[in-house]
Amino acid sequence: MPKVSMTVNGKSVSAEVESRTLLVQMLRDKLGMTGTHVGCDTSQCGACVVHVDGKSVKSCTMLAVQAEGAKVTTIEGLATGNELHPMQAAFKEHHGLQCGFCTPGMVMSAVELAKHNSNPSEHDVREWLEGNICRCTGYHNIVKSVQAGAKAMAAAK
Amino acid sequence: MAVDGIGAAVRRKEDFRFLTGRGNYTDDIDRPNQTHAYILRSQSAHARLGKIDASKALKAPGVVAVFTGADLAADNVGGLPCGWGIKNKDGSAMHEPPHPVLAVGKVRHVGDPIAVVIAETLAQAKDAAELLKVELSDLPAISQVRDAIKPGAPVVHDGGPNGNISFDWHIGDADAVAAAFKKAHKVAKIDLVNNRLVANAMEPRAAIGEFDRATGDYTLYTTSQNPHVIRLLMGAFVLHIPEAKLRVFAPDVGGGFGSKIYHYAEEALVTWASAKVGRPVKWTAERSESFLSDAHGRDHVSHAELALDKDGKFLALKVSTLSNMGAYLSTFAPAIPTYLYATLLAGVYTTPAIYAEVKAIFTNTVPVDAYRGAGRPEAAFLLERLVDIAAAEMGMDRVEIRKRNFIPTNAFPYQTPVALQYDSGDYFATLDGALKLSEYSGFEARRAEAKKRGKLRGIGISTYVEACGIAPSNIAGALGARAGLFECANVRVHPTGSVTLFTGCHSHGQGHETTYAQLIAERLGIGLDQIEVSHGDTNKIPFGMGTYGSRSLAVGGTAVVKALDKIVAKAKKIAAHLMEAAEADIEFKDGKFTVAGTDKSKAFGEIALTAYVPHNFPLETLEPGLDETAFYDPKNFTFPGGAHICEVEIDPDTGVTKVVNFTAVDDVGRVINPMIVEGQVHGGVAQGIGQALLENCNYDDSGQLRSGSYMDYTMPRADDLPSFKVATAITLCTHNPLGVKGVGEVGAIGSPPAVINAVVDALKDYGVRHIDMPATPQKIWAICNSGRRAAAE
């Protein structure tokens, strides 16, 4: 079995995995990082979004071996101790989550949008999140959260 | 009022763990020495099941065991029970065929489980499943209810007394309806389909069974909305394990919408298998598997007629519905198209005579059960489409015809002709509120402006009532419920004054950990950080019926209030003793016990400490401790209602419908947390718009599921929906102490007819009377462009 090494949330990690192992399976099953979720099997729902070398990626669409040497950030790596990242804080403030299952992917995806666009319009947010499905919120409060989070991220720079 | 008490938009206590990836969902749990299960499912919709040869699979790497229906039968494992019995028109019992955990003799739908492979890893279990040899000989199959009742149709359950009909039920006064139709000035008629949906909670179902050989105890970790119900059904009917030996734990659950109410085969399978293999057994559904095994929702085919007098008053309503049950009766399936559907056909109107008949039909499809709204969306859709058609036939305004037939606000309590008695409501207030908020009066100008851009703009109204918190138990029992419908709460005050609430309801997105804490903060005058809410674990919670039917506040919250009543009553006794006063003189407010007319006081925390350190305590008359449990069985349903107004714009060149405005003004009773209430409405409306425009669970005529993944089942996405205008206009429930009604389902009930009424309005120049859901671009483009208008009728 191939051995894969990468940096996850700033820590060097390595594991022996079957070559067919997906990045999300390595994160959840080998590294015990269960914040990244699997909500579908067709790369549609976006619950598994993480950042690989700074870009948001559906970790169910990537083999673990493809992430060899990469810097991976998951939802667990976003907050600083008990202090929420501005995007996480915005989701809490604006009730952008209910059951919480899609939330890690939503937040990771939103953080990348905010990096490119510090003041996204409602249209921008809805277009960007087209690849993240939420069944609880109707997206109304997610849109508000992402707009507020993007502004807060820009202000914190 | 406490700062964080009733009415405050408190930010949720549960959010920190979800936002930081520290939720604890079933699939996040791994047990020591765990094995993995993969379930081989039927790819045939209907087939004779012959021999299953597992010899090769058993030799595959990592395989621990393979089990089939024969193994379960040998262990006397029972079938999955149905929790609601319906009687036929003649009083006889419904046809209730067995629902085996693993198929025996026949498979009856694509996805019917045939065998389970248990291996060291999931990949090994899947690989080995490919080596199973299963003899299947295909039989003709049926997926649509209209086909299933034709003479000579394939029969799903051999030997059924009435072909594929499970029951043929009715409600109301057929003679009164017939007499009223004879006097009618006009009759509005409609044939409609309520499309089959899949709940699609974002967390796929999962289950882990674990058997402790040392104690003989079983634990089931499962994605359930009601763990005690699962313990009862699985323990008593399927695996014959006494409750005391069975713990069911539903940790964080990623959405339910009804689909996680039911007792599923996989729960029994992993629990039973964990004892057979002597190791924990874990199963997690893949999304494709969820489409083939989670109970589906809706799937009605109906004909309805409404008789009107010359003033547009409704005289009588008759409805005939075929309801698809799927291949087996799911846990609460028979209740949905009967007591949660036909009893709502009075809606918000004074229609004096109603008669409805419902045939429940078996087909070769996944079982159908409650999905957000469960019966009430089907009733609201039928009624609100019919009212719009009646308005058109009468040449009346759509607002006017509704108001003319509304139950007057001073007529409550109002007895409908279909069994329910509404306790409170004000349908004029919610409709007027929605008309204003949606800027209804300015619509024609917006329509004209859209026309200049080549777009077809339409507006639609729906005014609805629904019923939440099924109750009381004795009435439900008389109507066929095989369970109680109370709720339980245990308020445990700890020695230093912090509180844990153990509730039998279950939160899977609804924010109970916050809302219930607000009830306690309000009553006891303590901070939210002093309150924890515990749910989901049958080993911690005395009992509970779980969360569905928007019952958690109306029933579960009332149980909390009743337990708090007991806490305060006992605390007053302790306070009276400490302050050497008469109990009758003790007042409790803002967390302080005072003696009326004096400056003596004791803080809540001091009373708690005294209860557990009873050195100065009336031990001869009072037990130490401060820990109270209440069971609450409601006197009636609650009846939320409201008005939804949808505005759409259709592009005739593409057939695409865009929802440009959506307004919901709902009466949900007293609001505890307005932020959470609005969020519930948003989510429900999104699912309703999804049903109306996007979602369709589609079977072909041979029973193959054509919409089995997110590639083909159109889940509403962020760019499919607008932001919503949401408000409340409340009346209080009169029979529970909080005056609460429920909000979980209103959005999904009120919205689909508002959307379709708007689409039909937009297409009125094309002569369209009705369009079935989902109103896809394909259907609308055909209407606009190819003269095939009849196709959409």
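**Strands, a hairpin and a helix pair**

Let's start with a hairpin. S15(B) and S16(B) form it, with five residues between them. In the turn, Gly312(B) has a positive phi of about 85°. Strands here are DSSP runs of E, at least two residues, and helices are runs of H or I, at least four, numbered from the N terminus.

Some housekeeping. This is a predicted model: local features need pLDDT of at least 70, side-chain atom pairs count only at pLDDT 80 or more, and totals for chains, interfaces and linings use all residues. Residues are numbered from 1 along each chain as its sequence is written, while chains are lettered from A and ligands numbered from 1 in the order in which they are written.

S15(B) and S16(B), residues 314–326, run antiparallel and are joined by nine bridges. Two strands count as paired if DSSP finds at least two bridges between them. Ser302(B) stands opposite Thr321(B) in S16(B).

What else pairs with S15, residues 300–308 of chain B? Strand S8, residues 186–194 of chain B, does, antiparallel over nine bridges. There, Val187(B) has Ala307(B) in S15(B) as its bridge partner.

Next, an open sheet in chain B. Four strands, order S20-S28-S29-S30, mixed pairing. The edges are S20 (456–465) and S30 (725–728), each pairing on one side only. Twist averages 15° from one strand to the next. Within this sheet, S28 (641–651) and S29 (656–667) of chain B pair antiparallel over 11 bridges.

Now the whole of chain B. The count is 21 helices and 30 strands. The radius of gyration, over C-alpha atoms, is 27 Å, close to the 28 Å of the globule rule for 793 residues, so chain B is as compact as a globular protein of that length. That rule is 2.2 Å times the number of residues to the power 0.38. Of the 793 residues, 59% are buried, meaning 20 or more other C-beta atoms within 10 Å of the residue's own, with C-beta atoms placed from the backbone.

Last, chain A. How do H2 (86–93) and H3 (103–116) of chain A pack? At an angle of about 125°, axes 9 Å apart. Axes are lines fitted to C-alpha atoms over the stretch in contact, and angles run from 0 to 180 degrees between N-to-C directions. Therefore H2(A) is oblique to H3(A): under 35 degrees is roughly parallel, over 145 roughly antiparallel, 65 to 115 roughly perpendicular, the rest oblique.

Methods: Buried ≥ 20, exposed ≤ 12 C-beta atoms within 10 Å, placed from the backbone.
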